Amino acid sequence: MTEPSATPPSPAPDSETAHRPSGAINPGPVQYKGQPLDAERGPGLGCFRFQLVLLAILIIATPLSVGRVPEAVTAALLFLTLGLLLVAGQTIIFLLRLVAADRRGRRAPLAARSPTVGQLEDAASTLPAEKSDGASPGDESS
């Protein structure tokens, strides 16, 4: 029987599978349908607000229509409500991607009193290799 070695061979680092600390590289612009996300294309906030107002009206009108109007009208209101839920859901996903694209990069929280984890990672990655002599950070007795 052969004994396993103390350190297993590591797989070759692939650009897609290699672990990178968060924020270590800039992955580029957010892609939408194969192109960089453009805030001027697609639905805007006004369109989304209109969808929400219409959705609120339909959510109230659909159950109130039961027993007062023909069943076909109630069914049509129900399908219209479900369709508008789908469209409004897709619109909010698009708008959230716009916000994410706008906030790319690392920013400190407004009320931060201590450095964030990302700021600590950035500071650690930019430190010079002057502590490679084996001395611990607390030892300054030379």
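T81 touches L55, L58, I59 and T62, leaving aside residues up to four places away in sequence. T81 belongs to helix α2, and it counts as buried because its relative accessibility is 8%, below the 20% cut-off.

**Overall architecture and confidence**

The protein has 3 helices and 2 strands. Read from the N terminus, these elements follow the order β-β-α-α-α. Of the 142 residues in the protein, 13% are buried. Among contacts that link residues at least 6 apart in sequence, 63% join residues at least 24 apart.

The mean pLDDT of the protein is 74, and 57% of its residues reach 70 or more. Among the elements, helix α1 has the highest mean pLDDT, at 92, whereas strand β1 (residues 31-32) has the lowest, at 71. Where pLDDT is low, the predicted coordinates should not be read in detail.

**Helices α1 and α2**

Helix α2 spans residues 71-102, and helix α1 spans residues 45-64. Q51 lies in helix α1 and touches L84, V87, A88 and T91, again without counting residues up to four places away in sequence. Q51 counts as buried, since its relative accessibility is 8% and the limit for burial is 20%.

L52 is likewise placed in helix α1. Its relative accessibility of 40% falls between the limits of 20% and 50%, and L52 therefore counts as partly exposed. L52 and L84 are 32 residues apart in sequence, and their C-alpha atoms are 8.8 Å apart in space.

| Residue pair | Separation in sequence | C-alpha to C-alpha distance |
|---|---|---|
| L52 and L84 | 32 residues | 8.8 Å |
| F94 and G44 | 50 residues | 9.2 Å |

**The loop residue S65**

S65 lies in the loop between α1 and α2. At 6% relative accessibility, under the 20% cut-off, S65 counts as buried. S65 touches T74 and L77, with residues up to four places away in sequence left out. With T74, the S65 side chain also makes a polar contact, side chain to side chain, at 3.3 Å.

**Two phenylalanines of helix α2**

F94 is found in helix α2 and is buried, because its relative accessible area is 5%, under the 20% limit. The C-alpha atom of F94 is 9.2 Å from that of G44, a residue 50 positions away along the chain.

F79 is also found in helix α2. Its relative accessible area is 59%, over the 50% limit, so F79 is exposed. Together with L78, L82 and L85, F79 makes a nonpolar surface patch of about 400 Å².

Technical notes. Residues numbered from 1 in each chain as written. Predicted model: local features only at pLDDT ≥ 70, side-chain atom pairs only at ≥ 80, totals over all residues. Heavy atoms only, no water. Patch = residues over 30% accessible without salt bridge, like charges linked within 9 Å, V, L, I, M, F, W, Y side chains within 5 Å. Areas by Shrake-Rupley, 256 points an atom, 1.4 Å probe, with all protein chains shown as cover. Salt bridge = Lys/Arg side-chain N within 4 Å of Asp/Glu carboxyl O. Helix = DSSP H or I, 4+ residues; strand = E, 2+ residues; numbered from the N terminus. Buried < 20%, exposed > 50% of the residue type's maximum accessible area, 1.4 Å probe, protein only. Polar contact = N/O pair within 3.5 Å; in protein donor to acceptor, adjacent residues only side chain to side chain. Contact = heavy atoms within 4.5 Å. pLDDT = per-residue confidence, 0-100.
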